[in-house]
Amino acid sequence: MLKPRMIEEKMLILLRQGKISKWFSGIGQEAISVGVTTALHKKEYILPMHRNLGVFTTREIPLYRLFGQWQGKASGFTNGRDRSFHFGTQDYNIVGMISHLGPQLGVADGIALANLLKENKMVTAVFTGEGGTSEGDFHEALNVASVWKLPVLFCVENNGYGLSTPTSEQYNCEHIADKGKGYGMESHIIDGNNIIEVYELVSEIAESVRKNPRPILLEFKTFRARGHEEASGTKYMPKTLMKEWEKKDPVTNFQSYLISQNALTEEEDVLIKEGIASEINIDLNKTNKEEDIIPNLTKELNDVYKTFVYQEVKANSKSKEIRLVDAVSEGLKQSMERHEDLVIMGQDIAEYGGVFKITEGFVEAFGKKRVRNTPICESAIIEAAMGLSISGIKSVVELQFADFITSGFNPVINYLAKSHYRWNQNADIVLRMPCGAGVAAGPFHSQTNEAWFTKTPGLKVVYPAFPYDAKGLLATAINDPNPVLFFEHKALYRSIRQEVPTDYFTLPFGKASVLKEGNAITIISYGAAVHWALDTLKKNPDISADLIDLRTLQPLDTETIFNSVRKTGKAIVLHEDSMFGGLASDISALIMEECFEDLDAPVKRVASLETPIPFISQLEDQYLPKNRFEEELKKLLSY
Ligand SMILES: Cc1ncc(C[n+]2csc(CCOP(=O)(O)OP(=O)(O)O)c2C)c(N)n1
Ligand SMILES: [Mg+2]
């Protein structure tokens with residue numbers, strides 16, 4: 001406990017000198033970090049928050065690496081890409097937070113699920129402040145952990161404040177531990193300022209959880225002795241309250257206790273402090289001497305994704321005519337056979353087979369451990385998928401409808417997409433997204449929201465239009481160790497048939513397919529819109545067009561687009577999504593930048609109206625660009 005205390009005292013000086021950017025003090029709360037970490041085995045994962053320096057020091061991370069992290073040096077854990085405690089390290093089985101606090105809890109669920117599946121009798125500890133318990137993630141994570149009996153210790157550090165907000169404005173029950181009952185979960189209140197109590201109780205509870213896997217809610221009563229972060233001060237905190245808690249300081253109290261028990265002499269105390277001070281100084285000097293990071297553009301761009309070497313598995317010659325829905329199902333099933341620990345999760349996907357029946361029969365084939373029905377909690381499940389990936393397990397999450405990804409948006413955008421770039425941790429996850437219009441299902445069951453994700457570096461986005469592509473690309477999506485959003489158009493599920501090889505095969509990302517070749521114009525499209533373009537060309541056999549089906553949107557096959565446009569001199573981009581900020585806008589811009597001299601007309605975008613997608617089919621038909629495309633195509637041809 002002394003070590004994190006003394007490091008902090010040093011950091012406060014460095015903060016004043018502008019050498020570190022921000023500091024969240026854990027002074028007064030050391031017994032919790034140190035006690036919990038000591039109670040766990042080193043191989044067990046801990047997911048700390050911003051005041052848990054004691055977790056890092058107890059796991060014996062060399063101090064110069066921590067200092068390097070805070071100063072943005074290469075010896076840190078994020079290559080200068082993220083600050084403070086926003087990092088994890090597999091070497092020490094620590095998974096650091098993202099700023100959004102709550103997602104940690106669901107990630108812990110995933111790690112605990114991996115432990116449960118591996119039957120390794122390990123426990124996982126995750127921290128949150130009492131403020132963080134107000135986030136939906138807390139509720140979702142505790143609920144999932146309870147339903148799935150996951151071996152997680154949810155450690156709530158109740159330190160009286162969430163920034164300036166006192167507990168009375170944060171929750172309305174006596175103890176946070178009381179919430180355990182609502183989740184069907186055992187809970188305990190622990191004096192967070194008493195290291196002996198923390199260590200003994202957590203050791204006992206952890207041992208019991210190892211033997212009998214289940215989640216436990218632990219509320220540590222403590223106090224934040226300093227401000228939220230150093231710049232924000234403590235004006236709003238009553239002085240008397242601060243004085244009262246000063247008497248309960250875990251470090252000085254434990255020191256007095258040890259002295260009173262003759263377990264520590266004054267001389268030993270001095271020696272211990274000198275030892276720590278010297279370690280801090282030596283390591284700090286090392287960090288101070290370390291060269292600053294020099295930006296390397298290639299490295300920055302390369303580190304967004306984990307390297308994936310595509311392995312081609314050729315299709316067998318035997319094929320069968322199947323629907324797109326069958327192709328997805330078959331591709332998924334054959335991947336389940338190939339990757340023996342691949343887990344799939346989603347609402348109603350087990351016995352019920354999923355709302356589109358893609359996973360029908362999967363429980364019988366693979367069992368309920370690998371085919372997991374989930375409560376309705378997109379965030380926690382996507383976070384759990386992240387936890388599985390941290391534990392080396394691939395997963396596929398079925399969103400019941402792509403529209404519902406909004407309820408799991410935060411982990412996708414902030415956790416999955418950014419982890420590899422931030423601390424080299426990939427998110428080996430496929431999110432299956434049944435999407436799209438044409439089924440008169442209204443604003444919340446018809447969206448095609450790929451542009452929310454193509455916008456975000458770190459994600460891959462796949463959008464097949466045919467059964468063959470769906471099967472091969474899904475296999476690749478699962479092989480790829482990066483997070484992939486896999487869009488499956490609902491209107492195509494049962495309307496599009498094709499001969500598809502019966503065995504497992506893969507198709508590469510970043511390769512568009514040219515469905516028709518011609519010289520007058522280039523049509524660029526993907527998803528259901530590809531079929532609208534095909535229909536239009538069928539109706540107008542005299543139009544000589546290249547029709548490009550992009551198949552994957554990130555990575556995007558710009559080469560095929562540019563080569564075609566250089567040949568035809570005209571380009572029209574057709575998609576189902578609404579126009580502004582859609583893929584067509586960027587593709588159009590790319591063509592302008594790369595092929596300006598070859599263009600004989602401005603690039604044309606044809607897309608849906610700038611309205612939410614409506615319910616009744618007359619309105620839906622008007623909304624979609626399907627019926628506007630032919631006219632726009634002809635206009636551009638005669639430009
Ligand atoms: C989603 C989200 N909302 C708001 C914030 C800003 N914020 C960061 S820490 C914090 C207070 C957290 O309080 P608590 O969970 O009690 O932890 P403590 O700081 O007291 O340890 C707030 C409001 C944030 N980081 N993320
Ligand atoms: Mg708090």
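I started with a rule: two strands pair if DSSP finds at least two bridges between them. Helices (H or I, at least four residues) and strands (E, at least two) are DSSP runs, numbered from the N terminus.

**Entry 1: what I am looking at.** This is a predicted model, where local features need pLDDT of at least 70, side-chain atom pairs count only at pLDDT 80 or more, and totals for chains, interfaces and linings use all residues. Residues are numbered from 1 along each chain as its sequence is written, chains are lettered from A and ligands numbered from 1 in the order in which they are written, and side-chain values use heavy atoms, with hydrogens and water left out.

**Entry 2: strand β20.** I looked up which strands pair with β20. Four bridges join β20 to β21 (residues 604–608), and the two run parallel. Leu574 has Val606 in β21 as its bridge partner. To get from β20 to β21, the chain passes through helix α23 (residues 583–595), and this β-α-β crossover is right-handed: with the strands pointing away from the viewer, the path from the first strand over the helix to the second runs clockwise. β17 (residues 521–525) also pairs with β20 in the parallel sense, over four bridges. There, Ile523 stands opposite Ile572 in β20.

Is β20 enclosed or open? Eight of the eight residues of β20 (residues 571–578) are buried, so the strand is largely enclosed by the rest of the structure. Buried means under 20% relative accessible area (1.4 Å probe, protein chains only).

**Entry 3: the largest pocket.** Terms came next. On a 1 Å grid over the protein atoms alone, a cavity is a set of points where a 1.4 Å probe fits but cannot get out, and a pocket is an open set with protein on both sides within 12 Å along at least five of seven lines; lining residues have an atom within 4 Å of a point. A volume is the space filled by probe spheres set on the points.

The largest pocket holds about 370 Å³ of space. Its lining has 25 residues, and Met49, His50, Arg51, Leu101 and His228 are the closest to its centre. β2 (124–129) and β4 (161–162) are the elements that give two or more residues to this lining.

**Entry 4: the cavities.** I found five cavities of 30 Å³ or more. The largest cavity has about 70 Å³ of space. Its lining includes Gly346, Thr374, Cys377 and Leu399. α15 (378–390) and β11 (395–398) each supply at least two lining residues, and α15 gives the largest share, three residues.

Technical notes
Buried means under 20% relative accessible area, exposed over 50%, partly exposed in between (1.4 Å probe, protein chains only).
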